[in-house]
Amino acid sequence: MKALVWHGTTDIRCDSVPDPQIEHPRDAIIKVTSCAICGSDLHLYDHFMPGMKSGDIMGHETMGEVVEVGSESKGKLKVGDRVVIPFTIICGECDQCKRGNFSVCERTNRNGHIAAKAFGHATAGLFGYTHLTGGYAGGQAEYLRVPFADATHIKVPSTLSDEQLLFLSDIFPTGWQAAVQCDIEPTDTVAIWGAGPVGQMAIRSAILLGAKQVIAIDRVPERLDMARAGGAITINFDEESVIERLNELTNGKGPEKCIDAVGMEAHAAGTVDAMYDRVKQATMMETDRPHVLREMAYVCRPAGTLSVPGVYGGLLDKIPFGAIMNKGLTIRTGQTHVNRWTDDLLRRIEEGQIDPSFVITHTVGLDEGPDMYKIFRDKQDGCIKVVLKP
């Protein structure tokens with residue numbers, strides 16, 4: 001089959017690789033009908049995340065049709081089922097899965113001993129996302145093996161398009177969880193740093209959850225236009241002070257809820273701390289660039305909430321924890337517990353409350369994927385979200 005394969009920093013190729021096989025009775029094989037490039041994939045493309053090996057298949061936003069089912073999955077899946085595959089691999093049986101904390105499933109990370117050295121405890125296995133999270137082949141391919149498939153799937157109806165459903169795999173529930181973690185009240189201002197795909201979903205989620213005012217912070221014109229179309233007030237951080245504008249929009253009190261939809265590769269228009277981070281990162285004295293976290297901690301209203309769906313990989317420097325503690329801020333983070341939210345989100349799509357396909361700007365064949373990685377990373381050609389058709 002054809003698949004997008006990682007060979008090193010900024011080196012993604014469309015290669016011929018062996019077809020996946022059933023390896024365990026709980027497995028299933030799906031024929032991929034649509035997949036996507038995620039902002040998190042760029043952390044691998046630029047090699048900011050450790051644990052990649054040459055030959056790893058990329059991708060964790062995938063859907064398709066079941067073509068083969070292991071003996072222990074047949075009660076939940078059958079050949080011909082149309083499914084979206086969450087990026088989190090879940091057993092459905094451990095203590096964390098029973099609590100709905102699916103992204104920290106205790107059983108699915110087959111390299112859990114490595115993850116525990118990095119994080120203290122293992123997280124769930126993830127598709128196409130480094131050997132710290134299991135080293136599982138990703139879904140930017142013609143076929144995908146789904147481990148623990150009886151639990152790791154979302155059945156979807158034939159009445160909706162792939163484009164409406166695909167993002168149930170990651171960015172829609174990720175944006176939704178980011179907003180839910182804020183415990184939004186009708187009087188709240190929600191400020192969202194980053195108007196990429198997750199930020200766009202967080203904007204619409206915050207509005208659906210009843211926020212009084214949603215503010216999106218970015219510098220890419222196409223992203224800011226899309227944010228305004230979704231109902232947000234926008235701040236271009238290249239053209240105005242984020243802190244001054246947020247204070248102006250909140251009568252000097254700051255937003256009650258702040259969402260970091262950027263993560264480890266923050267850009268900050270030449271600010272001193274951004275230049276500091278780039279030097280520290282280049283000299284391997286810091287893994288991530290946490291400008292957004294610093295800014296949120298400073299500007300958030302006392303007793304407010306910082307919600308962090310943005311991915312961080314390791315060690316951060318100069319975090320103003322004194323401000324966080326003394327202002328009584330709550331921090332809520334985590335990879336997304338996808339299956340906790342998908343029944344509700346699928347209902348909202350079916351009822352027409354939201355059509356997640358709004359975020360798609362480019363649809364191409366799998367063979368064009370390597371070029372689209374660079375276009376997406378460099379924000380060329382108005383690129384916000386790429387869907388691949390194997």
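**Reading a domain interface**

Me: How many salt bridges are there between domain 1 and domain 2?
Reply: A salt bridge means a side-chain nitrogen of Lys or Arg within 4 Å of a carboxyl oxygen of Asp or Glu. Between domain 1 and domain 2 the count is 0. Bear in mind that this is a predicted model, where local features need pLDDT of at least 70, side-chain atom pairs count only at pLDDT 80 or more, and totals for chains, interfaces and linings use all residues. Residues are numbered from 1 along each chain as its sequence is written, and side-chain values use heavy atoms, with hydrogens and water left out.

Me: Where are the two domains in the chain?
Reply: The bounds come from an automatic or database domain assignment. Here, domain 1 covers 2-170 + 336-389 and domain 2 covers 172-333. Their C-alpha centres sit 26 Å apart. Counting contact as heavy atoms within 4.5 Å, 30 residues of domain 1 and 21 residues of domain 2 take part.

Me: What area is buried between domain 1 and domain 2?
Reply: Buried area is the accessible area (1.4 Å probe) that two parts lose on being put together, summed over both. For this pair you get about 2,500 Å², with 72% of that from carbon and sulfur atoms. On the domain 1 side, Phe-48, Phe-358 and Ile-384 lose the most area to domain 2, together 24% of what that side buries.

Me: Which helix gives the most residues to the side of domain 1 that touches domain 2?
Reply: Helices are DSSP runs (H or I, at least four residues), numbered from the N terminus. Helix H1 (39-45) and helix H12 (338-350) each give two or more residues to that side, and H12 gives the most, with 6 residues.
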